[in-house]
Amino acid sequence: MTALRSGLTAWRRWAGQSLEDRDPTCDRREALLLAAAALFVGVNAVGFSLARDGVVRWAHLWAPLVWLAVIVVAHLLLRSLKPRRDPFLLPLFALLAGWGLLLQDRLAANFLGRQTLWLVLSTGVLLAVALIPRTLQSLMRYRYVLLVAGLLLLGVTLLFGVNPSGSGAALWLPVPFPVLGRVYFQPSELLKVLLVIFLASYFTELEPLYRMRQRAAQQEANQGRNSWQAFKRQLPFLGPLGLMWGFCMLLLVWQQDLGAAALFFIVFMTLLYLATGRPAYVAAGLVMLLAASVFAYFAFGSVAPRVLSWLNPWPNASDRAYQIVQSLYALAAGGVLGEGIGLGFPDYIPVVHSDFALAAIAEEWGLVGSLTVVAAFAALATRGLRAALLSIQSLRPRFFHTYLAAGLVALFSVQALLIMGGVTKLLPLTGITLPFVSYGGSSLLISSVMIGLLIFLSADTDRARARVYDPRLARRLQRLGWIILAAYGLVALTLGYWSIVRAEALLAREDNPRLVETERRVRRGRILDRNGVVLAESVGPADNLTRSYPRPGGPAVGYYSIRFGAGGIEAALDPVLRGQATGVWAEAWRRMIHAPSVGRDVRLTIDAATQEQATTLMSEHAGALVLLELTGPDAPQAEIRAMVSQPGYDPNGLDERFEALAARDPGPLFNRAAQGLYQPGLTLQPLITAATLDSGRLALDEPLDDPDRPVILDGQVQRCATLPAATAAYTWTDMAVLRCPAPLQDLGVRLGEAALDDSFARFGLTTAPALPIPTEGATDTLVADPGLAAIGQETLTITPLQAALAAAALAGDGRLPAPRLVDAVVGTDGQWEVQTAGAAAAQTAVAAATVAAVRETWPLNGDLREYAVSVLSGPGGQRDAWYLALFPADEPRYVLALVLEDARGVAAAETIGRAVFEGLGDRE
């Protein structure tokens, strides 16, 4: 310990430092900032381990512990040997580098060990650069040697360089290393720093000459002289501008990367402006940079696609613009607070651990995290420019220090802004990495050298401040600072735009893979039958939930598929089943904290046992069935107990068969019960009879005139379904048994078009029933031929649901009931909330007395009143079989409407209908 103290004292004496230089406030501030960074890295390392493995594992902790050890060592050494350092620089470096380790563990764990060793080496280099030099005069003295060495190294790379990925520009040199094995070093990273050192030295020596020539030019201008001499005075500055442009063009041709060339050139223009204060030089440089960009666009095949993808990436979202589109999706997915480390999906972005580190941060730490990164780089820039400004405010102004600090700030700021702009679609995408954060040993090493130089420069200033030696240079530094902060502010606004303003639209795009991943985490609410039997539920692990249908729910329940969407109640009540319809603020809070959705349960009026039995009975037929139960005497409602559409489908494992099912017309996905439009035929007879009787234009005891008279339809002879006796006297009371088209046709002519239109409307045959699921109604319903309309062979077509509701009006008191499919929904308080159907029909269909009289004419079969007909449904003799039934016979409570699209006719329909009622009676 004594030897250590002696060594430190000797170093302070050699470096011109003393214990009196120590600032306890500076030490405390740096320690507190480092503690905050350590807390952030540690908490996230533990959180990632829990998210990934469910337990805290050493595999996720050793790298942060190594990071903590080297940062503590760096803090102690700087505290002892550089007491006048800037206390913000090391914490900012520590935060960004530690964040980079977290990202490597998250995104590319196989590179974590290598990146950690690079961090140890880079921190050692940072300390060496910050602590060992006594002055930086040797950098000025040997600037040409350093620059030539960097260029030679670049030339060697041109001849012998490789690309570790096996394709692309060969920008790396393989270097053997004792611990890391073969590592790949990118000389262009070192050249950036060497170029800044050279330019800082060059402009430091040129600055007095520029001042002198500027004064001479001012005198000549005052004398009105403008000669060749004035132009020659600009050559020391215009010459390097041209040379630098030529170098960047060579770099552009070699690497075919506009980003690297732009980085070098912008840094040069920054120092040129600081040295001269001539905006004209900057304007000329921007024109030259634009010319280089145009050249690169037309000369290289790799540049044009990036520019086109920047201008409009959406048409090529799955091709050349895939990276940038996935980056924008990541920004949107993160929102404000992020998904949480290990819980997002940044892996969808190619090379995310290198080029798109900011996008990964935005997705898993949200806008808060990405803005923190932007703020960290902005803080680095301001602290670096502060060191540059202090260098000309001290008793011993050092212009080399000022230019060097400003050049380093411009270097990492431009690099950070280029990649941030590419990630956010603010600029065309470049292959530049985000300093300190992205994977890459060369980048981390050289970035650490820059931080080491800034720490040295911040500590190598006099405490006693003199006047500003060069106010004009100070103002230029301030302008540069405002420009850099404005650029970072623009990046911050762009991040907010994609993360908040455009987030909802981006997350809803069908080509966003995160949409699928998010859906897999949604625990949709259950769909239950009226007795609590589960018809649909989400099963499986929390991060890969699937929808299961343990009992047949038919078209009422529908289906749910992550790939193909939803149908039935799954689609109609999707917000409820997903848990979104819980209030605006609650939903906003859930999205902000990225909590998985937990849906609310829905209870239907469907009876699972009846539904299953009806589905089985209909399995060999094409057609539809609707069973209603009448409730609510004050406001009549018809609760749907069963709804079947055949051919049907099994919603379990629907993804594998969906395309084949959807290709069929109308196909199993089509709900024939609520959307299938059929010719009604003589099913209209009870309705028209009731309407005519109610209007006083008919009496049930009125005799029928030749009821079996033939009617010709599509070339086919139509007669009574039940053959009447030739000598019997029949009345309208017998029509339900006889089912004759001729008398009904005569009745239609008697009523006329207007009365028939009114009758159809009052029985709900011209409007789609109001249900949460899609329903249909006839579109062309105006009667043109009342005779054909009366026997259901004109334009009017109806669905089984409409037929059931119309029959329900005859089963009740003549009022058209409102259909009801959803019984109750679990509210936000966890309690069932009973759902009411829509309002009952505004107009009564017919009077109650009329209904009772007509209902009595229906044929009896035990306790059933049945009405079954065969309907000519199209040319060629195709027929549908309709079956309408009421149960119990005296005071009907259940109504069944059934249609079959096959030739087995009425007998098959009657068999199915009676079996449904028998099963219903057994269960009651």
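**View 1. Leu68 sits in helix α3, which spans residues 62-81.** Helices here are DSSP runs (H or I, at least four residues), numbered from the N terminus. This is a predicted model, in which local features need pLDDT of at least 70 and side-chain atom pairs count only at pLDDT 80 or more, while totals for chains, interfaces and linings use all residues. Residues are numbered from 1 along each chain as its sequence is written, and side-chain values use heavy atoms, leaving out hydrogens and water. With 35% relative accessibility, Leu68 counts as partly exposed (buried means under 20% relative accessible area, exposed over 50%, partly exposed in between; 1.4 Å probe, protein chains only). Together with Trp58, Leu65, Val72 and Leu76, Leu68 makes a nonpolar surface patch of about 490 Å² (residues with over 30% relative accessible area and no salt bridge, nonpolar side chains joined within 5 Å; a salt bridge is a Lys or Arg side-chain nitrogen within 4 Å of an Asp or Glu carboxyl oxygen; areas by the Shrake-Rupley method with a 1.4 Å probe).

**View 2. Gln679 lies in the loop between α27 (672-675) and α28 (685-694).** Its relative accessibility is 17%, so Gln679 counts as buried. Leaving aside residues up to four places away in sequence, Gln679 touches several residues, including Gly792, Leu796, Val871 and Trp882 (contact means heavy atoms within 4.5 Å). A polar atom of the Gln679 side chain is 3.5 Å from the backbone oxygen of Glu794.

**View 3. Helix α28 is largely enclosed by the rest of the structure, because 9 of its 10 residues are buried.** Among the buried residues are Leu687, Ile688 and Leu693. After α28 comes Gly696, with a positive phi near 85°.

Methods
Patches are made of residues with over 30% relative accessible area and no salt bridge: like charges are joined within 9 Å, nonpolar side chains (Val, Leu, Ile, Met, Phe, Trp, Tyr) within 5 Å. Helices (H or I, at least four residues) and strands (E, at least two) are DSSP runs, numbered from the N terminus. A polar contact is a pair of N or O atoms within 3.5 Å; within protein, one must be able to donate a hydrogen and the other to accept it, and residues adjacent in sequence count only if both atoms are side-chain atoms.
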